[in-house]
Amino acid sequence: MHPFAYFEPTTVDEAIALLARHGGDAQLMAGGTDLLVEIKESLRRPAVVINIKKVPDLGGLACDEAHGLRIGALVTVRAIETSAAVSRLYPAIAEAVREIGSIQIRNRATLVGNVCRASPSADTLPPLIAAGTVAAISGPGGARSVPLGEFFTGPGRTVLTAGEIVTAIALPPPAAQAGASYIKHGRRRAMELATVGVAVSLRRDGDVCRDVRIVLGAVAPTPIRATAAEMLLEGRAPDPARLEEAGCAAQDQSRPIDNVRASAAYRRAMVGVLTRRAIAAAWERTT
Amino acid sequence: MTSVIGRSVTRWDTLGKVTGSAVYAGDVALPGLLHGKIKRSTVAHARIRAIDASRALALPGVRAVLTHADVPRVLHYGSPHPRSASVTKDQYILDTTVRYHGEGVAAVAADSEEIAEAALELITVDYEPLPALLTVADALAPGAPAIHAVGPGGNLVLDPVVVTRGDVAAGFAAADLIVEGTYTLGRPVPAYMEPNVCVCQWDALGKLTIWTSTQSPFMVRGTLAEVLGLPLTKVRVLVDHMGGGFGAKQDLFQHEFLCALLAQRTGRPVRMEFSRKETFLGGRTRHSGSIRLKQGFRRDGTITAREAEIVFDSGAYGSHGPGVTAVATASLTSLYRCDNVHLVGRCVYTNTPIAGAFRGYGVVQSYYALDSQMDEAAEQLGLDPAALKLMNAVRDGDLAPSGHPIVGHGLEDCIRRGLEETGWAARRAAPKSHDTGRRRRGWGMGCEMHGSSAYPGIKEQGNAIVRMNEDGTVTLFTGTTGLGTGAHTALAQITAEELGVRFEDVAVVHGDTDVVPWDIGAFASHTTYMAGRACQMAAAQVKAKVLARAADRLEVAADDLDIRDGVVTVRGVPGLSLTVADAIAAERGIPAPQLVGEDSYRPTKSYSFAAHFVEVEVDTETGQIDVVQVVPVHEIGKVIHPVAAAGQIEGGIQQGIGHTLTEDFRVDPRDGRPLNASFVDYKMPLAMDMPPIRTIILETAPDEGGPFGAKGVGEDPIIAIGPAIANAVHDAIGVRFRHYPITPEQVLAALAEKGATPTPGAADQPDQTDQ
Ligand SMILES: Cc1cc2nc3c(=O)[nH]c(=O)nc-3n(C[C@H](O)[C@H](O)[C@H](O)COP(=O)(O)OP(=O)(O)OC[C@H]3O[C@@H](n4cnc5c(N)ncnc54)[C@H](O)[C@@H]3O)c2cc1C
């Protein structure tokens, strides 16, 4: 493996200072399940690796109806997966974390790491965006909050600037009669990168959908909102004809690529199928 | 006596494996060890104008760089059994021409892997591009440039293999139905757990010791000695534990030569280990290509004629191309009886990764075509496919592909048992309307037979030395390798059983070519069958010696004695006995003469059989195929170790599901660059993807040649699962696929073409099985 200098800061400020000092040569490491693989495969050659696992302030998983869900930067995917409260209140997040890699990977990987890696196919991004998640960021210039819907700027790229670190992410409490779902499409049941991922969150208002958010993963440089599909459903009942329309609209908004994993045409078709299924699943959960 | 045959005793190798104490070639740590790496070609076909290694040599920590100018230029086989008909002599250690993207062009030894890797980037290679022939069609096109100077020409690896029996023209003339199709074959790789690795060290007397992950240590010894110009006493090959090979590790790879030469050049031990990516680039694949198959049938299902044209893609070198082509071609004479056959097999060089030996050895391909076509014929004849296969199944006395008469009714037994176990008739007859919506289910079955031993391609020989120690324990010396199948445990069981000692009292010594008897290698489903028989024969000799000595002591005739559980007993005299240890103990201070038995067994051929029954579910919106359950029925003669045999079967099914649905090593059709040389994009089914498997093993057709009637099971399980899945998919959605892997995109395209995609949201749609 390519050599690098290694630091273990014990406070957030220290981590920020190290990051600021080494600039683009430095990489933060949480679980390391993305970073170390990338270094071993020579996809990244950071001169400095800053392990944040010794920073006590970055832990903490809190979940309840009143305050919502707060996930500290060091919370592992497995901790979220095994939280009964998350499964009950945020079923789409629970579905997404169960899909990541394998149990071994989930025991090390952090959810915030999944977010900060900003892979277009990352599993938790669509449901997090659909749930209205906000990232808490600290940096040399102080703290700020950015909704995840505005966080991603390209494959592997985010709005984070030099010296900034995500300390936690926060999800608002689920609305009454809310429903959410995430469906991942891949060739295997585990250890699989999504060829398409679709997350839906909505609220039931009598027979119609409200506050519909549909987020597509792995079909554009960043996760994208299927806004046309959302509008088609807003205030309408999710009957088969409407689902079909929404699926087509989502499909039209996707911009997938052709690669060895799947053709663009197939990915686009799957956006339609998964969107229909994800809306139906989310609706089912509202009752 | 409690027989140890047929008991799943604790395997010798598992404790070491689960505790991490088992030593693999890559674990060997020697003082002063250097790390070797290979610089690999980034073009598919080119002449090397020049290689500049000066910057690499100048890098601190780099100890040696080898290019084609520094290594012996000896044409070699690159494969084991060099003098058999299975392989081709067409490789150099490093050549001045590169023939595929990924071929080694130079090698570095350095103080660390990191330095070696950095050095590779400092080596510059000046390529003069040659036209890359990336498909069989390109390579066979008139006027295509020759990839090799050796061979029969026309980019053929060998002259076409032709097998003819009876009169095909007359057979087709007598047919009521002719079915014809072309089957295209994907390119799966073995994906063994342990990447290729070796460690080389020379001693002061010029003797090379190599620890290497190989299935055929004696072939490594022979080929290294030949290429390096050494007598066999100067090459010692060691292999203790192995993390699989699946056939591919029968070959000698470039790194094994280069590691030896780097160690020689530097005077220090050198380790070379493939990255996972290199196991794709520099490894061996299954032969892809195509099979055109045509069969004639009478209305009652009798097969009147069979014609086939196999074209295999060998990739850049011949490797096992000749053997695989011969075995695949001959295999189509059998499985389903047919008096009139005309079969032609070709194997073609292309500028793609090397195809080699891989579990199933050509038969995965040929029976995928044959068994799929039987289903198609059954449908057109209005017969149940299982009934058609049963009526045509080869049986006792029929000529096997090897030219031997088949013993017993193994295939028929497997089919019948599977039909019962699955309630086949009811399942196939069940109306499909209950699941004709989004997800549709179907059942299919496929059959196979496979030979234990590589006869007649190779005239093989299994050897064993059995020695009884002074305390009555036994040491078995075997040259077979333990590539992870548990074969050494089976050999110990056979030895213990024959001798009459406890299984726990038999130790196995293996993996050192300076010590153990010669062995051809662990492949061809023959270790338990062939080496097992040799163990049995050698053990019988030791037993006779023990009995002779016991007879003296007990003053009875040796014929009246037997050994059970380590105790010599006298027939008809219950009170009189002697432990084996006492029987061989020193007498008045004089030890027993050494108790050694050794024997060689030359097998001909034995066939094992299987029928796999599979249920699949097809999601008609996503095109995904799920294997829901598998019921494999195997007939393998006497079972020595049931759990190990079942393990082979389950593992083969896992690999076979991958071949059929997801695994395909692809190269860019424009430039031959590998597209998915990693486990991220080369997708094997994993634990979570495995369906329930209900394994049934029959012992109804034991073979006289095998130990206690045992036959092989290593390769069989990977063969029948493929056509069984394809046939089940047809049952589910009425679409016949004539290729593998069958991808979701292709399922959707086929359904769309058929007009069978369900209207979204709408309920069910009548099932269509008319295609
Ligand atoms: C075998 C395997 C299977 C996988 N399967 C999946 C899968 O199915 N689905 C999926 O989505 N992912 C998958 N992954 C990717 C990976 O496990 C996840 O992205 C994981 O959540 C990353 O978390 P981590 O803590 O390991 O991140 P790290 O590797 O430590 O970091 C990832 C990136 O985020 C940055 N970073 C980490 N924490 C912070 C922070 N607090 N502030 C700012 N930047 C930060 C790092 O600098 C780095 O660039 C897989 C990985 C492997 C090795």
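Q: What radius of gyration does chain A have?

A: Chain A has 19 Å, which agrees with the value near 19 Å for a compact globule of 287 residues. Its C-alpha atoms fill a box of roughly 60 × 45 × 35 Å along the principal axes. Bear in mind that this is a predicted model, where local features need pLDDT of at least 70, side-chain atom pairs count only at pLDDT 80 or more, and totals for chains, interfaces and linings use all residues. Residues are numbered from 1 along each chain as its sequence is written, chains are lettered from A and ligands numbered from 1 in the order in which they are written, and side-chain values use heavy atoms, with hydrogens and water left out.

Q: How much of chain A is buried?

A: Buried means under 20% relative accessible area, exposed over 50%, partly exposed in between (1.4 Å probe, protein chains only). In chain A, 53% of the 287 residues are buried.

Q: Which residues is B:Leu381 in contact with, beyond its neighbours within four places in sequence?

A: Contact means heavy atoms within 4.5 Å. For B:Leu381 the partners are B:Leu177, B:Phe297, B:Arg298, B:Arg299, B:Gly301 and B:Leu388. Take B:Arg298: 83 residues away along the chain, its C-alpha atom is separated from that of B:Leu381 by 8.8 Å.

Q: Is B:Leu381 buried or exposed?

A: B:Leu381 counts as buried, because its relative accessibility is 18%.

Key. Rg over C-alpha atoms; globule rule 2.2 N^0.38 Å.
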